[in-house]
Structure formats: C-alpha cells, structure tokens
Protein chains: 2
Amino acid sequence: MVGDAPPSPRNTAARRRPVRTGRRPGNPDTRATIIAAAESEFTAKGFDRVSMRGIAKVAGVDPALVHHYFDSKDDVLLATLDVPFDPREVIPAMTREGAEGLGLRIARRFVSIWDDPDNQVRLVAILRASMSSDVAADLLRSGLVRMIITPISDVIDAPDAVLRAQCVGSQLLGLAMARYVLRLEPLASAQPGVVVAQIGPTLQRYIDGHLPRGVDESAQPAE
Amino acid sequence: MVGDAPPSPRNTAARRRPVRTGRRPGNPDTRATIIAAAESEFTAKGFDRVSMRGIAKVAGVDPALVHHYFDSKDDVLLATLDVPFDPREVIPAMTREGAEGLGLRIARRFVSIWDDPDNQVRLVAILRASMSSDVAADLLRSGLVRMIITPISDVIDAPDAVLRAQCVGSQLLGLAMARYVLRLEPLASAQPGVVVAQIGPTLQRYIDGHLPRGVDESAQPAE
C-alpha cells in the first residue's frame with residue numbers, strides 16, 4: 001500500500017483485487033500481470049496442468065516473483081477467482097472439532113459468509129462465471145474439491161466419505177442458487193437462523209447419518 | 001410434420017425445437033417466430049409483465065394464432081427455455097399420492113430425467129443460461145415457482161410449506177450443479193440408486209420432517 005514495497009504475499013484477502021488502472025508502474029501491477037497470466041493459463045490448460053513456472057513464463061517474470069506474491073497454485077486460483085475469504089482458514093476452523101455438530105457449524109458459517117453483502121456480490125459472480133463455460137466450471141471444481149470438499153471428507157468416518165462430502169457441497173451450492181442467485185421468496189429473505197435450522201440437519205445427515213440403503217433398488221436409470 | 005397441417009398445439013414436448021432453416025415458409029416457422037418474439041418480450045419485460053397479446057404483437061401475428069400454438073404463457077415459457085419434459089405432467093404424477101414418500105419419488109424422477117443424456121444436455125444448458133443474467137434467472141425462477149415449487153408446496157401440510165418446498169428445490173438445484181454441471185467425482189458417476197438413497201430422505205425431511213427449532217438462535221447475520 002505504501003511506496004514501492006511489495007505487498008505481503010500472505011495478505012491475499014485484503015488485497016485480492018488486482019490493481020487495474022490509474023496506478024504508476026510497480027509491484028501491484030506485477031501482481032495483476034501474474035493474475036492475468038494465470039487466468040489465461042487456466043483457461044488454456046485447466047487448473048491441474050498449469051504450473052507456477054508456466055504462469056511466470058506467460059507473465060514474463062521470474063518464477064521467484066510468482067512465489068513472492070503467491071505461496072501456492074491454490075493462492076493463485078483464489079486470487080484469479082477473486083474469492084472474498086480463504087477457505088483454507090474457514091474450513092479447518094469448523095472441521096477441527098470433528099464430525100459432531102459439523103453440519104450446523106458449516107450451515108451457520110456458510111449463511112453468515114453469503115449473507116454479507118460484499119461477499120455475496122463476489123460469490124454470486126463466481127458462481128455465475130463457473131456456469132459460463134467448462135473451463136470456468138473446472139476452476140470452481142478444482143477449488144471446491146481441494147479446499148472445501150476434501151478437508152470435510154477427511155473428518156467423515158465412512159467408506160463413502162468423499163461422496164458424503166460432495167452431498168454436503170451439493171446442498172450448499174443449491175442453497176446459494178436458490179437464496180442468492182434466483183432469490184426465491186420466502187427463502188431469500190428468511191432469517192439466517194431459519195435457513196440454518198433447515199439446512200444444518202441435512203448436512204449433518206450427509207456427514208454421519210445412516211443411509212437407509214446404500215442403493216435404492218427401485219431407482220431406474222432413465223424413463 | 002406432414003404437409004402444411006399445423007402441429008398439435010399440445011404436442012409441445014415432441015416438437016419443442018423451433019424449426020430454424022431449410023424449411024419452406026409455413027406454420028413451423030410461425031411457431032418459431034412466436035418463440036423468438038416471446039424471448040425478446042421476456043428479456044425486455046420479465047415473465048410476469050408479458051402477455052400473450054404482447055407476444056402476438058411483437059411476432060406480427062394475430063393473438064389467436066399464438067393461442068393456436070400455445071395454450072398458455074407457461075407453454076410459451078417452456079418452449080422458450082426448450083425444457084425437455086413438461087413439469088405440469090411430471091409433478092402432479094408424484095404429488096397426487098400425497099406427502100408420504102414424496103421425497104423419494106421426487107429424487108427418483110429427478111435423477112432419471114437428468115441421467116437421460118438427451119435431457120441432460122438441454123437441462124444443463126437451461127441451468128447455465130439461467131446464470132448468465134438476471135433476466136434469464138427470472139425466467140427459470142418463474143418456471144420453477146409456478147410449475148414445480150408451488151405444486152409441491154400445495155401437498156405440504158405446514159405453515160412454512162413454501163419455504164419447505166423451496167428447500168426441496170435448493171437440494172435439487174445443487175444436485176444438478178454438482179452431478180451434472182461440475183461433475184464432481186464420485187457423485188457424477190454414482191449409480192442412480194445411490195444418489196436417490198442420499199437425496200431422497202433430505203427431500204422428505206424438508207416435506208414433513210420436524211425442524212428442531214424454527215430459528216437457530218446461535219446463527220449470526222454476518223461475521
């Protein structure tokens with residue numbers, strides 16, 4: 001923020017928005033250049049096939065400079081998507097108490113993050129962008145899986161832990177769609193506590209509930 | 001399909017795709033013209049403020065001709081969105097047996113419709129389009145509320161029936177996102193019966209389950 005000192009590479013949440021115009025050349029623009037390069041690399045190759053070195057090459061900077069601004073490729077992804085919170089801090093804060101009550105903790109935190117107007121604008125934009133193309137969907141999927149679904153599945157003590165964690169994710173995605181994107185009423189205006197009381201037990205059931213049958217035999221593949 | 005006979009106005013599912021090119025002028029093109037006019041009207045005004053008469057005016061045809069092809073504005077909406085099934089037939093088939101077991105019936109039918117590859121292509125396209133703008137979201141919301149959520153809420157015997165039906169809708173939207181758009185594995189490849197066994201009880205709880213507290217007092221509006 002001051003003079004030419006580079007921003008702290010860890011302080012991504014506070015300065016996640018790339019500086020675009022009206023600033024003299026310098027480090028903030030370097031960060032923006034790296035983010036722009038990362039976007040084009042992610043778009044061309046998909047998240048998994050992009051390296052920090054490749055981003056540096058496209059940005060025309062030394063790889064060490066990329067590592068100065070971003071600790072990891074996940075950091076770059078979060079900056080590219082402009083995510084308004086760091087799931088790598090939020091998720092462990094909920095999972096470290098274990099599976100008991102986790103559904104309610106997730107529901108509370110999810111609603112409190114999304115109900116915040118500033119966050120909501122960014123998160124709706126990310127969700128919308130993720131639907132615009134397979135590439136954008138790949139970025140959201142990469143972030144979701146690595147930073148949200150996997151850490152949640154790690155505390156689920158069941159053979160189908162990943163599937164259960166994805167069901168948690170599906171309910172959260174759907175809540176985001178219904179409450180914040182489509183704005184269905186009365187759900188969109190319901191008090192946070194009402195929403196949490198509805199959604200929390202669903203998440204908890206996915207986390208540690210008994211599933212009546214592993215397979216519903218009467219389900220047909222298609223009609 | 002044969003000669004110049006106009007298509008049956010009720011047979012919308014079979015001929016939902018507008019004829020675009022390579023056909024001689026005639027009735028199918030009239031239908032396509034009406035759909036194009038409806039799209040532009042919906043975009044300009046939103047679903048609620050569009051009338052059959054207004055669509056006829058923009059299409060440059062007599063209102064009676066719009067009513068020849070489409071029984072109602074809902075028919076026009078389904079044709080505009082190119083929905084591959086008629087929710088006004090599908091939903092009552094599930095709700096007429098009442099609230100008991102409804103969650104499982106909805107889950108089975110939803111998965112069977114979406115798992116069908118032809119349907120899936122169209123439904124993913126509709127979901128994606130609905131995220132592209134507020135106007136497109138308005139169209140999806142209008143269709144969801146009128147043809148899916150309201151009929152489901154009508155069989156829920158609770159003061160918060162609409163909210164509960166919207167929670168059903170939220171889980172279905174989220175399942176569509178996770179399984180068919182983001183294609184999270186293993187959820188995307190899970191057998192239909194496995195998905196139904198996970199999702200069905202969630203829907204049933206929203207329909208007639210006891211909610212531990214109407215309001216979760218510990219939820220905070222924002223952090």
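Predicted model: local features only at pLDDT ≥ 70, side-chain atom pairs only at ≥ 80, totals over all residues.
Residues are numbered from 1 along each chain as its sequence is written, chains are lettered from A and ligands numbered from 1 in the order in which they are written, and side-chain values use heavy atoms, with hydrogens and water left out.

**View 1. The ring pair of Phe42(B) and Phe47(B).** Rings of Phe, Tyr and Trp (its six-membered ring) pair if their centres lie within 6.5 Å; planes under 30 degrees apart count as stacked, over 60 as edge-to-face and the rest as tilted. Over all chains, six aromatic pairs are counted. The centres of Phe42(B) and Phe47(B) are 5.4 Å apart and their planes stand at 35 degrees, so this pair is tilted. Phe42(B) is buried, at 0% relative accessible area (buried means under 20%, exposed over 50%, partly exposed in between, with a 1.4 Å probe and protein chains only). Phe47(B) is likewise buried, at 0%.

**View 2. An aromatic cluster in chain A.** Phe110(A), Trp114(A) and Tyr180(A) are linked by ring pairs.

**View 3. Lysine charges over Phe47 rings.** A charge sits over a ring if NZ of Lys or CZ of Arg is within 6 Å of the ring centre and within 35 degrees of the ring normal. Lys73(A) places its charged end over Phe47(A), 4.3 Å from the ring centre. Lys73(B) lies over the face of Phe47(B), at 4.4 Å from the centre.

**View 4. Cys167 in chains A and B.** Cys167(A) is buried at 2% relative accessibility, and Cys167(B) is buried at 1%. The structure has zero disulfides over all chains (pairs of cysteine sulfur atoms within 2.5 Å).
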